[in-house]
Amino acid sequence: MNVTIEIDEGSGFCFGVTTAIRKAEEELAHGGSLYCLGDIVHNGSECERLRALGLATIDHEAFGRLHDAKVLLRAHGEPPETYATAHENRINIIDATCPVVLQLQRRIKHVADSEPNAQLVIYGKPGHAEVIGLVGQTAGRAIVIERPEDVERLDLRRDIRLFSQTTQPLEGFRRIVDYITAHIVPPATFRPFDTICRQVANRLPNIRTFASRHDVILFVCGLKSSNGRVLYEACRTVNPRAHLVDDPAHIDYGWFHGARTVGICGATSTPTWLMEACRDAIRRHED
């Protein structure tokens, strides 16, 4: 096997994830214990690297039992209850909430407080950390819809205010906007807030172009990455020989049979070093 391998320059950590990991590394360099509330990034290999440096991942139950500790909040953001617990338990918060997510949290809270009778709708993945943080800004009022088809659950005779998880596909958001606009029953009103992060949304057309240039695509990302699943499916729409792996050890070298070019790309939660490790594994197999 003798193939040309290209790593997508547009893949890899987004700004929010890069900042969270930098903050974790800086704190760990000072010594002492540092906890992270949930996986700092949806990538097992990167989490393992930081664990080796001393970062301990905890869940919300364990967080509630902590006292006088230092805890990093990841880029996804947290609901108000988390900050209240930290205050009560004298927990020192290292807040790495992504600025884009933080702005969205403030906006949805403002609308929730100023329009108590409106339906607050979030286009996002139920149970996702970012979505939990957003719902928390509304005191649990928000309705989460995962697919454009779920819009049928809404009461179109009542005012609707639509938001989106920052990493949702722009196409899906626009489909929801079009449907509600066409079906809202006056005098009910509809206001959509496009809160999708363009650093993520712009990757969809770019990654489709990248995937179409190569015989085989190796998409590298953690299996829990919501953003990764969206981008991987985008690759598959233009290249049926796209394969997802979360670790070089899981590469099936039969995928590359007859290929002249291989493209390696990943999610906003995929570290560059992991894509490079996959490239190097393919090269070693060639030798």
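The buried residues of helix H5 (buried means under 20% relative accessible area, with a 1.4 Å probe and protein chains only) are covered by elements that include strand S6 (119-123), helix H6 (129-137) and strand S8 (160-164). The model is predicted, so that local features need pLDDT of at least 70 and side-chain atom pairs count only at pLDDT 80 or more, while totals for chains, interfaces and linings use all residues. Residues are numbered from 1 along each chain as its sequence is written, and side-chain values use heavy atoms, with hydrogens and water left out.

**Helix H5**

- Helix H5 covers residues 99-114, and its 16 residues reach 23 Å from the first C-alpha to the last, close to the 22 Å expected at 1.5 Å a residue, where the expected span is 1.5 Å times one less than the number of residues.
- The buried residues of H5 are Val101, Leu104, Gln105, Ile108, Val111 and Ala112; seen down the axis of H5, they fall within an arc of 135°, so they line one face of the helix.
- An α-helix has 3.6 residues a turn, so residues three or four places apart point the same way.
- On the other side of H5, Gln103, Arg106, His110 and Asp113 are exposed, a term that stands for over 50% relative accessible area.

**Aromatic pairs**

- Three aromatic pairs are found in a search of the whole structure, counting rings of Phe, Tyr and Trp (its six-membered ring) whose centres lie within 6.5 Å, with planes under 30 degrees apart called stacked, over 60 edge-to-face and the rest tilted.
- Phenylalanine 163 and phenylalanine 193 form a stacked pair, at 4.6 Å centre to centre and 5° between the planes.
- This pair links distant parts of the chain, 30 residues apart, since phenylalanine 163 is in strand S8 and phenylalanine 193 is in the loop between S9 and helix H8 (198-201); both residues are buried.
- Phenylalanine 219 and tyrosine 232 have ring centres 5.9 Å apart and planes at 45°, so the pair is tilted.

**Backbone features in loops**

- Most residues other than glycine have a negative phi, and most peptide bonds are trans.
- Aspartate 68, in the loop between helix H3 (60-65) and strand S4 (70-73), has a positive phi near 50°, and aspartate 68 is exposed, with a relative accessible area of 53%.
- Proline 186 and proline 187 are joined by a cis peptide bond with omega of about 10°, and proline 187 lies in the loop between helix H7 (170-183) and strand S9 (190-192).

Conventions: Helix = DSSP H or I, 4+ residues; strand = E, 2+ residues; numbered from the N terminus. Arc of directions from axis to C-beta. Contact = heavy atoms within 4.5 Å.
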